[in-house]
Amino acid sequence: QVQLVESGGGLVQPGGSLRLSCAASGSIFRIYAMGWYRQPPGKQRELVAAITSTGSTNYANSVKDRFTISRDNGKNTMYLQMNSLGPEDAAVYSCNERVAATYGSNAMDYWGKGTLVTVSS
């Protein structure tokens, strides 16, 4: 079993920054694609940023040039640096990872429970 735990959310003023982390633990042989999603109040969940096992990244248009996704494979941890935050960025942010638990096993998708980001003055 694999567990994902997000941290780093909280209250930030408009224009401020936050760094989210997603730590994976449990039975992990290899982590493939990783991604951050967010769900604003009353809206659908959307992909914010994703990173492959080789480090290729892609971003939602709304966060390009403000957010940076990265990963530390040695620590099984993914990060999301968020700058110039605005009210439109307020949401529950969740991480998703595709993980193979053992050598030769099929990779499965896992989700964290989410961390709340509030942007307000």
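Visitor: Which residues is Arg 38 in contact with, leaving aside its neighbours within four places in sequence?
Guide: Arg 38 is in contact with Gln 44, Arg 45, Glu 46, Val 48, Ser 62, Val 63, Phe 67, Glu 88, Asp 89, Ala 91, Val 92 and Tyr 93. Contact means heavy atoms within 4.5 Å. This is a predicted model: local features need pLDDT of at least 70, side-chain atom pairs count only at pLDDT 80 or more, and totals for chains, interfaces and linings use all residues. Residues are numbered from 1 along each chain as its sequence is written, and side-chain values use heavy atoms, with hydrogens and water left out.

Visitor: Is Arg 38 buried or exposed?
Guide: Buried, with a relative accessible area of 4%. Buried means under 20% relative accessible area, exposed over 50%, partly exposed in between (1.4 Å probe, protein chains only).

Visitor: What polar contact does its side chain make with Glu 46?
Guide: The side chains of Arg 38 and Glu 46 make one of 2.6 Å. Another, of 3.4 Å, joins the side chains of Arg 38 and Ser 62. A polar contact is a pair of N or O atoms within 3.5 Å; within protein, one must be able to donate a hydrogen and the other to accept it, and residues adjacent in sequence count only if both atoms are side-chain atoms.

Visitor: Which strand does Arg 38 lie in?
Guide: Strand 4. Strands (E, at least two residues) are DSSP runs, numbered from the N terminus.

Visitor: How many bridges join strand 4 to strand 9?
Guide: Eight, and the two run antiparallel. Gly 35 stands opposite Asn 96 there. Strands pair if DSSP finds at least two bridges between them.

Visitor: What else is strand 9 joined to?
Guide: Three bridges join strand 9 to strand 11, antiparallel. Four join strand 9 to strand 10, also antiparallel. Asn 96 stands opposite Trp 111 in strand 10.

Visitor: Why is strand 9 largely enclosed?
Guide: Eight of its 10 residues are buried, so the rest of the structure largely encloses strand 9.

Visitor: New topic. How many disulfides are there?
Guide: One. It joins Cys 22 to Cys 95, S to S 2.0 Å. The rule is a pair of cysteine sulfur atoms within 2.5 Å.

Visitor: Which parts does the pair tie together?
Guide: Cys 22 lies in strand 3 and Cys 95 in strand 9, so the pair ties together parts 73 residues apart in sequence.

Visitor: Is Cys 95 buried or exposed?
Guide: Buried, with a relative accessible area of 0%. Cys 22 is buried at 0% too.
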